[in-house]
Amino acid sequence: MPLTANIITCRGKVNEDQIEKYLYGTMDDLHDPALMMGMDKGVEIIAEKIKAGSSIRVVGDYDADGVTSTYILLDGMRKLGANVSYDIPDRIRDGYGMNVRIVEDAAAAGVDTIITCDNGVAAVASISKAKELGMTVVVTDHHEPQEEMPAADVIIDPHQIADKYPYKEICGAMVAYKFIKALYKYMGEELPEGKYVEFAAIATVCDVMPLLDENRILVREGLRKILNTDNIGLKALAEATGLPAQRKLNTRSFSFVIGPCINTKGRLESAKDVVELFLEEDPDKARDIAEYMVSLNNTRKEMTTEGERPIMEMLGAKEADGTLDNVIVVYAEGLHESLAGLVAGHIEDRFYRPAIVFTDSIVNPDVYKGSARSIEAYNVFEALCEAKEYLVKFGGHKQAAGLTIKKTDLDDLRRFLNANQHLTEADLTAKIFIDAVEPLHTITFSLIEQLESMEPCGEGNDEPLFGAPDMELYGIRIKGKNSNVMELKVRDKNGRRYSITSFKPDDVMADIKKWFNEEDCDKIMKGIAQGLFIDFTFKPYINEYMGKRTVEFLLKDYRPA
């Protein structure tokens, strides 16, 4: 497999010594939990609390990583006989992570020990409160520590400066999984082989961790196990989403199918319901919860589409007449505040500009709540630091942030950010990196099957991407039940003809009309070539339908040649 091997090595993230593990690594290759700083002490503390019958509370977070982390710790400790409960913050009322209210609720319930997951390393105030109330606190987290560390009894986080764990880019659920493995070993119990792997795999993909090193191994095993999981609730969710009908599962099965159903619960209702699903032992009840979660996610999709449609139309008009800001700041009337980040991400993707989307706050009528998503060349967190006089509060990192402003400051913020940005035309042009320029006629079943050895693909281990320059566009066909599929007819310089599929027909058609005139577009729609050429990138795949296998091509990016 020379092309596949060349792609792997040319990316520079795997050397010759690592290729064997990259291609054939097993669960035995995962790093020892004991290598993580604080792991031994944390395990010892919790083991003693379990033996003493102390009341333990797991405090997680409302996204897929936080929910799965919570379940892993909760279920793992219960099976060891622990007196353990859990709590998850409300996205709207509490915001991210453990707060003082959650600590006080735990104290009122007689909780002796709190163990966090997917949060805690920044919970300085709430952990101080817990210590004042006489509680023991164990933090398990994976976020970057801030300058001031919380006064927990022990902190387990691979990003601590003194931590020597071999691979630090792991999610909260992976840390929780490692903790449970170490806890079972310490208490002389055997954790069943593969237990909780599918949950940590879902979190790894949904929290956008690099699919390298042990993450890659864990996700591969999680994909293999998901349809045969022994967890009744997760099995019901997989069935409700239609996963068993898919020919072959990949990371999209987690990031675009299972993950959104989990995250939507935390966005629109309560993430605790997802934990309850994973704890449910009645298949009928689990099925009802899972089917509702799928329905709620479909509602969320509709809410997002309806909320962003007028904004996209307005921004498209501004782009057409050359008045689109380099830093997009918009207010989305009627959009649920938990969906602002999704819409900002869609805007950033469509227009390749930093985008901040504001919505009305559910709890405070005087402010707007906003979410920002940014491009590589624009550090949105630094920009917000410079604009802090216009902000009530904010937080985040280089390419994503959350913020709150007074309603009267919206236009001033937009003007300030655009007056102080230094983005160039090159900065506002997306850079696409391909693995090879590969003629379409050389793409075979055998090559695609070889490329599949690179799975699971995702963050840090992108799917192989190929380029096809100077292809003549001679036909366009819109198909699908909802007219959501586009088939581009192209031919190379030797006259070979191919069909290229896109699942974004509206975006592609808008770009084609922007590049070429309406008359040419009308003729191309009728299959009449006009001498129009495009460059595009594509992903090859094998389509199986009615017992027939064909090599097909998925359009990824494109431009006029």
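View 1. Tryptophan 515 is partly exposed because its relative accessibility is 28% (buried means under 20% relative accessible area, exposed over 50%, partly exposed in between, with a 1.4 Å probe and protein chains only). The model is predicted, so local features need pLDDT of at least 70 and side-chain atom pairs count only at pLDDT 80 or more, while totals for chains, interfaces and linings use all residues. Residues are numbered from 1 along each chain as its sequence is written, and side-chain values use heavy atoms, leaving out hydrogens and water. At 23% relative accessibility, tyrosine 558 also counts as partly exposed.

View 2. The whole structure holds 14 aromatic pairs (rings of Phe, Tyr and Trp, the last by its six-membered ring, pair if their centres lie within 6.5 Å; planes under 30 degrees apart count as stacked, over 60 as edge-to-face and the rest as tilted). One of them joins tyrosine 498 and phenylalanine 553 edge-to-face, at 6.2 Å centre to centre and 90 degrees between the planes. Tyrosine 498 is buried at a relative accessible area of 12%, and phenylalanine 553 is buried at 5%. The ring centres of tryptophan 515 and tyrosine 558 lie 5.6 Å apart with planes at 70 degrees, so this pair is edge-to-face. It connects tryptophan 515 in helix H18 with tyrosine 558 in strand S16, 43 residues apart. Tyr498 and Phe553 also belong to one aromatic cluster with Phe466, Phe536 and Phe538.

**View 3. The buried face of helix H18.** Helix H18 spans residues 505-515, and Pro505, Val508, Met509, Asp511 and Ile512 are buried in it. Seen down the axis, the buried residues of H18 fall within an arc of 160 degrees, so they line one face of the helix (the arc is that of the directions from the helix axis to the C-beta atoms). Among the elements covering these residues are helix H14 (340-351), strand S12 (466-479), strand S13 (485-491) and helix H19 (518-525); contact means heavy atoms within 4.5 Å.

**View 4. Tyrosine 167 in its loop.** Tyrosine 167 sits between strand S5 (154-156) and helix H7 (172-186) and is buried, with a relative accessible area of 13%. Leaving aside residues up to four places away in sequence, tyrosine 167 touches His31, Pro210, Leu212, Asp213, Glu214 and Asn215. Its C-alpha atom is separated by 20 Å from that of lysine 41, 126 residues apart along the chain.

View 5. Aspartate 118 is not a glycine, yet has a positive phi of about 60 degrees. Its loop runs between strand S3 (113-116) and helix H6 (124-132), and aspartate 118 is buried at a relative accessible area of 2%. Tyrosine 196 has a positive phi near 75 degrees, in the loop between H7 and helix H8 (197-206). Tyrosine 196 is buried, with a relative accessible area of 2%. The peptide bond from glutamate 455 to proline 456 is cis, with omega near 0 degrees. Proline 456 lies in the loop between helix H17 (445-451) and S12.

Note on methods:
Helices (H or I, at least four residues) and strands (E, at least two) are DSSP runs, numbered from the N terminus.
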